[in-house]
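Have the viewer open and follow along.

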Amino acid sequence: MRDFLIKSFATVFGVGYLPVAPGTWATLVGASLAYYLGNNLPAYTILLLVLLVLGIMATGIVEKQMNQKDPGILVIDEVVGVMIALWGLPLIWSVMVCGFFLFRAFDMFKIYPINKLEAQSGGWGIMLDDCMAGVYTNVILRIALRCAGFF
């Protein structure tokens with residue numbers, strides 16, 4: 001039962017098993033959570049930190065069980081990453097859409113130092129590259145919003 005719960009969490013309750021673009025679907029789940037909690041920054045932050053810590057532990061366990069480096073079914077990292085990407089921003093549709101696509105681009109292309117973080121072993125490597133993609137996205141969106149007069 002324990003292994004089932006850990007794998008369910010790490011795969012975002014089965015999203016990781018979708019046959020097409022499971023990471024993109026998991027990003028949509030994370031963006032939806034961000035939108036739902038966006039007006040309550042303390043709750044958003046607490047959930048984000050809990051998901052990050054549990055994600056590091058769960059993905060590390062599942063990776064060991066499967067004896068495979070960063071299995072594609074593990075998508076909790078996308079949920080956490082996009083939540084970082086949207087943290088503290090005005091969650092209007094234009095910001096959400098730009099955040100979604102910027103995050104996916106950084107996650108897929110893995111520019112420096114994202115590529116170095118992905119090389120870390122276990123759950124840390126699985127989670128931290130997406131966290132950095134989220135940080136890059138958040139910073140770019142903040143700059144764009146400042147230039148547009150939002151901040």
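**Starting in a loop**

Glutamine 120 sits in the loop between H6 and H7; helices here are DSSP runs of H or I with at least four residues, strands are runs of E with at least two, and both are numbered from the N terminus. A quick word on ground rules: this is a predicted model, so local features need pLDDT of at least 70 and side-chain atom pairs count only at pLDDT 80 or more, while totals for chains, interfaces and linings use all residues. Residues are numbered from 1 along each chain as its sequence is written, and side-chain values use heavy atoms, with hydrogens and water left out.

Back to glutamine 120: its relative accessibility is 41%, so this residue counts as partly exposed. The scale calls a residue buried under 20% relative accessible area, exposed over 50%, and partly exposed in between, using a 1.4 Å probe and protein chains only. Leaving aside residues up to four places away in sequence, glutamine 120 touches Lys69 and Gly125, where contact means heavy atoms within 4.5 Å.

**H3 against H7**

Now look at helix H3 (residues 41-66) and helix H7 (residues 122-147). Their axes come within 6 Å and cross at roughly 135°. That makes H3 oblique to H7, given that angles under 35 degrees count as roughly parallel, over 145 as roughly antiparallel, 65 to 115 as roughly perpendicular and the rest as oblique. The axes are lines fitted to C-alpha atoms, for helices over the stretch in contact, and the angles run from 0 to 180 degrees between N-to-C directions.

Which residues of H3 and H7 make the contact? H3 brings Leu51, Leu52, Gly55, Ile56, Thr59, Gly60 and Glu63, and H7 answers with Gly122, Gly123, Trp124, Ile126, Met127 and Cys131. Sorted by class, the contact of H3 with H7 has 7 nonpolar, 5 polar and 1 charged residues. The classes put Ala, Val, Leu, Ile, Met, Phe, Trp, Tyr, Cys and Pro down as nonpolar, Asp, Glu, Lys and Arg as charged, and the others, Gly among them, as polar.

As for length, H3 has 26 residues and reaches 36 Å from its first C-alpha to its last, close to the 38 Å expected at 1.5 Å a residue. The expected span is 1.5 Å times one less than the number of residues. For H7, 26 residues should span 38 Å, and its end C-alpha atoms are 39 Å apart, which agrees.

Glycine 149 is exposed, with a relative accessible area of 59%, and its C-alpha is separated by 30 Å from that of aspartate 129, 20 residues away along the chain.

H2 and helix H5 (residues 93-109) pack at an angle of about 145°, with axes 11 Å apart, and H2 passes H5 in a right-handed crossing. Gly23, Thr24, Thr27, Leu28, Ala31 and Tyr35 of H2 meet Met96, Phe100, Phe103 and Arg104 of H5. By class, this contact of H2 with H5 has 6 nonpolar, 3 polar and 1 charged residues.

Proline 113 lies in the loop between H5 and helix H6 (114-118). The peptide bond from tyrosine 112 to proline 113 is cis, with omega near 0°. From valine 50 to proline 113, 63 residues apart along the chain, the C-alpha separation is 24 Å.

Is each one buried or partly exposed? At 9% relative accessibility valine 12 counts as buried, whereas alanine 21, with a relative accessible area of 35%, is partly exposed.

Technical notes: A crossing is left-handed if the near helix is turned anticlockwise from the far one by less than a right angle, and right-handed if clockwise.
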